[in-house]
Structure formats: C-alpha cells, structure tokens
Amino acid sequence: MLSKVRSMGIQGVGGYEISVECYITNGLPGFEVVGLPDTAVKEARDRVRAAIKNSGFQFSPSKITVNMAPADTKKVGTFYDLPICVGILACLGTLRSVPENAAFLGELSLSGEIRPVRGALPMAIAAERCGIKELYIPVEKADEAAFAQGVKIYPVPNVRALVDHLNGAEPLSPAQLPVLNTYEGLLPDFADVKGQYYVKRALEIAAAGGHNVLMVGPPGSGKSMLARRIPGIMPDMTRREMLEATEIHSVAGRTNAEKPVVTVRPFRAPHHTVSSVALAGGGTVPHPGEASLAHHGILFLDELPEFSRETLEVLRQPLEDGEISVSRVSGSYTFPSRFMLVCAMNPCKCGWYGDPSGRCRCSEASVRKYHSRISGPLLDRIDIIVEVPALRFESLKEKPNGEPSRDIKARVNAARLIQRKRFGDEGTDCNAHMQPKEIREYCELSPECTELIRQAFNALGLTARSYDRILKVSRTIADLAGSSEILPEHIAEAVQYRTYTFEI
C-alpha cells in the first residue's frame with residue numbers, strides 16, 4: 001500500500017512544502033525513513049509506532065518505508081511525526097482517505113498526544129501559497145497559525161481525535177482568529193523618569209522616525225532606565241509587522257499559547273558577552289539571532305564599548321540593508337533584521353570624564369582607547385547621539401512629574417501616520433529607512449536651510465552618510481511639528497544631535 005501526505009518544513013524563517021510518502025509491503029519487519037532526515041526525524045519511527053498502538057489502532061509488523069521529498073533537502077525537527085503517522089494509518093486502512101488539499105504537522109508523544117512545534121505561523125503562511133486549504137496542527141499553536149487567515153486551521157489534540165475527524169465520526173472545529181492583547185499596561189512608563197527632558201525629546205524623535213540613538217553619560221544618570229521605557233512610546237505595529245515579527249519568534253520557539261502573536265515591538269537587550277553568532281544568527285542549521293529577534297523593534301546594547309569589536313561589526317550590514325545573510329554548509333539563509341538600534345555608554349572607563357565634579361582620573365590616552373573600541377563606520381550609522389548628564393540632588397528629591405508614555409506615544413503615532421501616507425503601506429516603513437531617491441523628494445531644503453547645513457557639514461567634518469541622516473532626522477522633527485516643509489529650526493535641532501565628539 002502507498003499513501004502520500006502533505007506537510008510543511010522550515011528554511012530560515014520561511015516555510016516550504018514537504019511530501020511524505022509511505023509504503024508498506026510484505027517482508028522482514030522494518031521502519032526506514034529516507035530523504036535526508038536528521039536524528040530527530042529518524043526517531044519519529046519509534047514515536048509513531050507507540051502513538052498508533054496507544055491510540056487503540058493496530059500496527060501490524062510489516063516493512064515500512066517513508067520517503068520525504070524533496071529528497072535533497074535536509075529535514076530537521078519533529079514537525080513530521082504527525083504526517084508520517086497519517087500516512088501509515090492511511091496505508092493500513094485505518095483512515096478512509098486523506099484530503100489532497102490538507103497538510104499535517106506536529107510532534108507525537110508516546111501516548112498519541114500532539115505536542116507543539118516551532119514555526120507554526122511561517123508554515124501556515126507558506127501553506128496558503130502552496131494552495132493548501134486545511135492545516136492540522138497542535139492545539140497550542142492553533143491561535144498563532146490562525147493569524148495567517150488564508151488557510152483553515154484545525155487544532156488536533158491527539159491521534160484518535162484526528163482519525164475520528166478524517167473518518168467523519170466526530171469533526172473538529174476550526175480555530176478562530178484570536179483576540180490580540182498588546183500588554184501595553186505592563187510596559188515601564190516615562191512618567192517615572194526625573195528630569196532629562198532633553199534626552200526624552202531625543203528619544204521621542206528616534207521613536208517617531210525609527211532612528212538609531214546613542215546615549216552617553218556617567219553611571220546612574222538613567223541611560224538604561226530611559227532605554228527600557230522606549231517600547232512604551234514606540235508606534236503601534238501594523239498587521240504586516242506583527243506577522244513578520246511573529247514568524248521570527250515562532251521559528252525561535254518564543255511564542256506560546258498565552259502570547260501566540262507578537263503585538264508589542266520586541267525589545268532585545270543582549271549582554272555584552274554575546275558572541276557574533278548569537279547576535280547575527282547561525283548554528284549548524286542557522287537560527288535567527290538577537291538582531292533578527294529585534295525585527296521591527298529595539299536592539300538595546302548597554303555598555304557599548306564592552307562589546308567585542310568583532311561582535312559590533314556584524315551590525316553594519318543589517319543597519320544598512322535591514323537583513324542578515326548567514327552562509328553554512330547546509331545552505332545560505334537570509335534573516336530579516338530591521339531594528340532600531342539603541343546604545344548606551346559611559347564617556348570613559350571610570351564613567352566620569354567631563355563631569356564638573358572632577359572625579360575622573362582617566363588619562364587622555366585611556367579615554368581615547370576606550371572610545372576607539374567603537375569603529376567610525378558604526379558611529380556613522382547612528383542618527384542621534386545625546387548626552388545624559390548626572391542628576392543633581394534637587395532633581396532627585398522631587399517627585400516624578402514627567403510626561404506619561406501614552407501622551408508621547410500619541411505624538412509618535414501621529415508622526416508615523418504622516419510617514420505611512422507619504423510612503424504608502426507597501427513602501428518605506430519610516431523616515432530612517434528612506435532611500436536616496438526618497439531623500440531628494442521629501443527632504444528638499446530652502447536656501448536658508450541649505451546654508452545652515454553647509455556650515456554644520458564643514459564645522460563638524462560630517463560624511464555623506466551623516467549628511468543624509470541629518471536630513472532624515474530633520475524630516476522626522478518636521479513631522480512631529482506637523483510641518484510639511486523642513487524649517488531651519490528643524491535642521492538646527494537635528495545638527496545638535498551630531499555635535500558630540502569622540503575626539504580627546
């Protein structure tokens with residue numbers, strides 16, 4: 001007997017179709033899985049055999065061959081337990097028929113229960129592209145997969161329930177689109193921050209335009225506290241952004257039944273001991289790294305100079321292109337990584353260089369060496385550099401009376417709405433990602449603005465990239481002000497965020 005069952009697999013952060021062919025014939029009992037399976041796939045034979053028997057179905061000793069096509073692609077993971085089980089049950093006659101427009105995926109327990117797997121959403125999206133109408137997956141992943149909307153999702157609790165459904169004895173109910181919870185009330189609030197009004201203004205501009213930002217200040221000045229409150233003022237995610245972020249988190253195994261979909265922009269804060277592979281992604285079978293997990297969100301690097309030079313340099317490609325390419329023996333993979341980079345650092349090793357108290361004892365050579373840990377090309381990719389001064393006692397003794405995050409977020413959302421209307425839903429996401437053609441079109445300058453930026457260019461020794469980034473920040477400041485044109489005051493404020501010097 002021969003049967004053919006459709007299933008899905010994962011490559012990078014995208015899904016593709018797998019055909020599982022089962023053949024049962026007379027001969028010495030055996031169970032072979034071919035088609036470049038990894039160890040987890042080979043072990044499926046023991047899980048499938050036990051699951052069928054413990055579900056109350058007969059498993060006769062026969063020669064079983066399972067082929068997984070395309071046979072030249074490495075099959076990784078436990079997705080294929082369920083389609084192998086369905087194929088064998090079809091060959092044994094336990095199942096009357098298997099729908100041709102249906103696909104199956106899930107891990108089996110020895111008792112026949114269906115366990116969750118990674119990558120449910122990207123596989124559901126890929127299933128729609130492949131013309132699949134029904135997708136049978138574990139119950140815990142049904143809400144996540146239902147967000148794809150293009151395919152009917154059936155949550156399967158166990159093998160017995162699936163057989164009853166396919167045989168028409170007791171139909172399963174398809175999953176409904178889940179009600180999304182943004183969990184915004186759990187985010188830290190900017191109202192808790194005392195003082196630092198200049199810094200909060202800079203972070204509002206960064207959030208409104210998606211600009212990279214670096215905060216420089218002594219220990220205890222509030223850099224980390226400010227950074228961890230940025231998610232509360234980031235603009236609401238669009239459905240497309242939710243889908244793209246959830247695909248990455250699903251492949252990484254970071255979604256669950258409680259939070260099936262990423263609805264709040266990710267905030268990733270790796271420790272400075274993180275390796276370049278963990279940051280960029282990789283492994284024998286490459287998985288997304290921190291830079292990809294921060295897609296459409298924030299990548300926060302605290303104590304920036306403490307990161308290794310090699311680790312920081314891997315960020316140069318995603319900061320420009322919005323994606324990371326990883327090549328391994330198993331193939332080449334491209335992971336989306338369009339994030340807003342937020343960094344914090346001390347001005348010197350002890351942290352007090354330039355402080356009026358004079359407590360810094362670092363030599364100029366030591367300070368210069370500390371700054372040199374950050375390459376010029378990486379600094380050139382940061383749009384806003386802002387100093388975070390230490391707070392004085394008078395500010396600390398006062399009760400927090402800062403503006404709440406919800407008010408700042410309202411202005412940020414209004415500015416992003418202007419940008420979406422400007423670029424279109426399928427175009428550039430925000431001002432920070434404008435291409436040269438868009439900069440020429442939307443950042444036209446008056447003669448007065450041109451003269452102002454010319455003086456700044458010569459005085460600060462700016463590069464062509466710095467010039468473009470000042471224009472982008474100016475465009476965002478104008479959007480926050482509701483101005484259709486970039487005015488001199490917008491240019492002046494944008495230039496202020498490039499005046500911090502790393503020269504001693």
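Among contacts in the chain between residues at least 6 apart in sequence, what percentage join residues at least 24 apart? The share is 74%, where a contact means heavy atoms within 4.5 Å. This is a predicted model, in which local features need pLDDT of at least 70 and side-chain atom pairs count only at pLDDT 80 or more, while totals for chains, interfaces and linings use all residues. Residues are numbered from 1 along each chain as its sequence is written, and side-chain values use heavy atoms, with hydrogens and water left out.

**The chain as a whole**

- The chain has 21 helices and 18 strands, these being DSSP runs numbered from the N terminus, with helices (H or I) of at least four residues and strands (E) of at least two.
- Of the 504 residues of the chain, 53% count as buried; buried means under 20% relative accessible area, exposed means over 50%, and partly exposed lies in between, with a 1.4 Å probe and protein chains only.
- Taken along the principal axes, the C-alpha atoms of the chain fill a box of roughly 85 × 45 × 45 Å.

**Helices α3 and α6**

- Helix α6 (residues 159–166) is largely enclosed by the rest of the structure, because six of its eight residues are buried, namely Val159, Ala161, Leu162, Val163, His165 and Leu166.
- These buried residues of α6 pack against α3 (81–92) and against the strands β5 (102–104), β6 (107–108), β7 (114–115), β8 (134–138) and β9 (152–156).
- At the start of α6, a side-chain oxygen of Asn158 reaches to within 3.3 Å of the backbone nitrogen of Arg160, and just after the helix Gly168 takes a positive phi of about 80 degrees.
- Helix α3 is mostly covered, with eleven of its twelve residues buried, among them Asp81, Pro83, Cys85 and Cys91.
- The twelve residues of α3 should span 16 Å at 1.5 Å a residue, and the end C-alpha atoms are 17 Å apart, which agrees; the expected span is 1.5 Å times one less than the number of residues.
- Gly93, which follows α3, has a positive phi near 90 degrees.

- The axes of α7 (residues 197–209) and α17 come within 8 Å and cross at roughly 35 degrees, where axes are lines fitted to C-alpha atoms over the stretch in contact and angles run from 0 to 180 degrees between N-to-C directions.
- That contact is made by Glu204, Ala207, Ala208 and Gly209 of α7, together with Ile408, Arg411, Val412, Ala415, Arg416 and Gln419 of α17.
- Ser405 lies in α17 (residues 405–423) and counts as buried at 5% relative accessibility.
- Leaving out residues up to four places away in sequence, Ser405 touches Pro188, Asp189, Phe190, Gly232 and Ile233.
- Pro404 is placed in the loop between α16 (393–396) and α17 and is buried, with a relative accessible area of 17%.
- Apart from neighbours within four places in sequence, Pro404 is in contact with Asp189 and Ala191.

**Thr255 and its polar contacts**

- Thr255 lies in the loop between α9 (239–251) and β11 (267–268), and this residue is buried, with a relative accessible area of 7%.
- The side chain of Thr255 makes polar contacts with the side chains of Lys141, at 3.0 Å, and Glu144, at 2.6 Å.
- A polar contact is a pair of N or O atoms within 3.5 Å; within protein, one must be able to donate a hydrogen and the other to accept it, and residues adjacent in sequence count only if both atoms are side-chain atoms.
- Not counting residues up to four places away in sequence, Thr255 also touches Thr246, His249, Ser250 and Pro260.

**Backbone features to check**

- Most residues other than glycine have a negative phi, and most peptide bonds are trans.
- The peptide bond from Ala69 to Pro70 is cis, with omega near 5 degrees, and Pro70 lies in the loop between β4 (63–69) and α3.
- Leu36, in the loop between β3 (30–34) and α1 (39–42), has a positive phi near 60 degrees and is partly exposed, with a relative accessible area of 41%.
- Glu303, in the loop between β14 (298–301) and α12 (309–313), has a positive phi near 55 degrees and is partly exposed at 27% relative accessible area.
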